[in-house]
Amino acid sequence: ESSAASDVYKRQAFHEVDDSRRLRESLQSQHRGIYDAIAEGNGLRGAELTEEHIRFAHKSLPAMGRAGS
C-alpha cells in the first residue's frame with residue numbers, strides 16, 4: 001500500500017470520528033508514551049504501549065479497520 005493511499009485512509013478515518021481533535025491528542029499522547037519508554041531503554045514497555053495503541057486506533061478509527069478488509 002502506498003503512502004498516499006495510507007494518508008487517504010487516515011484522513012477518511014478522522015472524518016468519521018465525532019471528536020477528532022480529542023482523538024488526535026490521545027493518539028499523540030500514546031506516541032509520546034511509546035517514544036519515552038523506548039528512549040528510557042524499556043523496550044518491553046514500549047512494545048506493550050505500541051500494542052495498546054494499535055488496538056485503540058483500530059477501535060477508534062472505523063475507516064482504518066475497513067482499510068485492511
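## Salt bridges

A salt bridge here is a side-chain nitrogen of Lys or Arg within 4 Å of a carboxyl oxygen of Asp or Glu. With that cut-off in hand, let us walk through this predicted model, which holds two salt bridges. Side chains of opposite charge can pair when their charged atoms come close.

One of the pairs is E51 with R55, whose closest N and O atoms are 2.8 Å apart. Because that distance is within the 4 Å limit, the pair counts as a salt bridge. E51 and R55 sit four residues apart in helix α3, about one turn of the helix. E51 is partly exposed, at a relative accessible area of 43%, while R55 is exposed, at 57%.

The other pair joins the side chains of E48 and R45, at 3.5 Å from N to O. These two belong to helix α3 as well, which covers residues 43–60. They are three residues apart there, so about one helical turn separates E48 from R45. Both are partly exposed: E48 has a relative accessible area of 36%, and R45 comes in at 35%.

## Helix α3

Let us now look at the helix that carries these pairs. Helix α3 is 18 residues long and spans 25 Å from its first C-alpha to its last, close to the 26 Å expected at 1.5 Å a residue.

Which residues of α3 are buried? They are G46, L49, H53, A57 and S60. Viewed down the axis of α3, these buried residues fall within an arc of 70°, so they line one face of the helix. The other side of α3 has L44, I54, R55, H58 and K59 as exposed residues. R55, the salt-bridge partner of E51, is therefore on that other side, with a relative accessible area of 57%.

## Helix α2

Helix α2 takes in residues 20–39, a run of 20 residues. Its reach from first C-alpha to last is 28 Å, close to the 28 Å expected at 1.5 Å a residue.

L23, L27, I34 and A37 are buried in α2. Around the axis they cover an arc of only 85°, which puts them on the same side of α2. Turned away from that buried side is a face with the exposed residues R21, R22, R32, Y35 and A39. Just after α2 comes G41, which takes a positive phi of about 85°.

What does H53 touch, leaving aside its neighbours within four places in sequence? Its contacts are L27, Q30, H31 and I34. Two of these, L27 and I34, are among the buried residues of α2.

The C-alpha atoms of A47 and I34 are 7.7 Å apart in space, and the two residues are 13 apart in sequence. A47 has its place in helix α3. Is A47 buried or partly exposed? At 44% relative accessibility, A47 counts as partly exposed, whereas I34 is buried.

Technical notes
Residues are numbered from 1 along each chain as its sequence is written. This is a predicted model: local features need pLDDT of at least 70, side-chain atom pairs count only at pLDDT 80 or more; totals for chains, interfaces and linings use all residues. Side-chain values use heavy atoms; hydrogens and water are left out. Buried means under 20% relative accessible area, exposed over 50%, partly exposed in between (1.4 Å probe, protein chains only). The expected span of a helix is 1.5 Å times one less than its number of residues. The arc is that of the directions from the helix axis to the C-beta atoms. Contact means heavy atoms within 4.5 Å.
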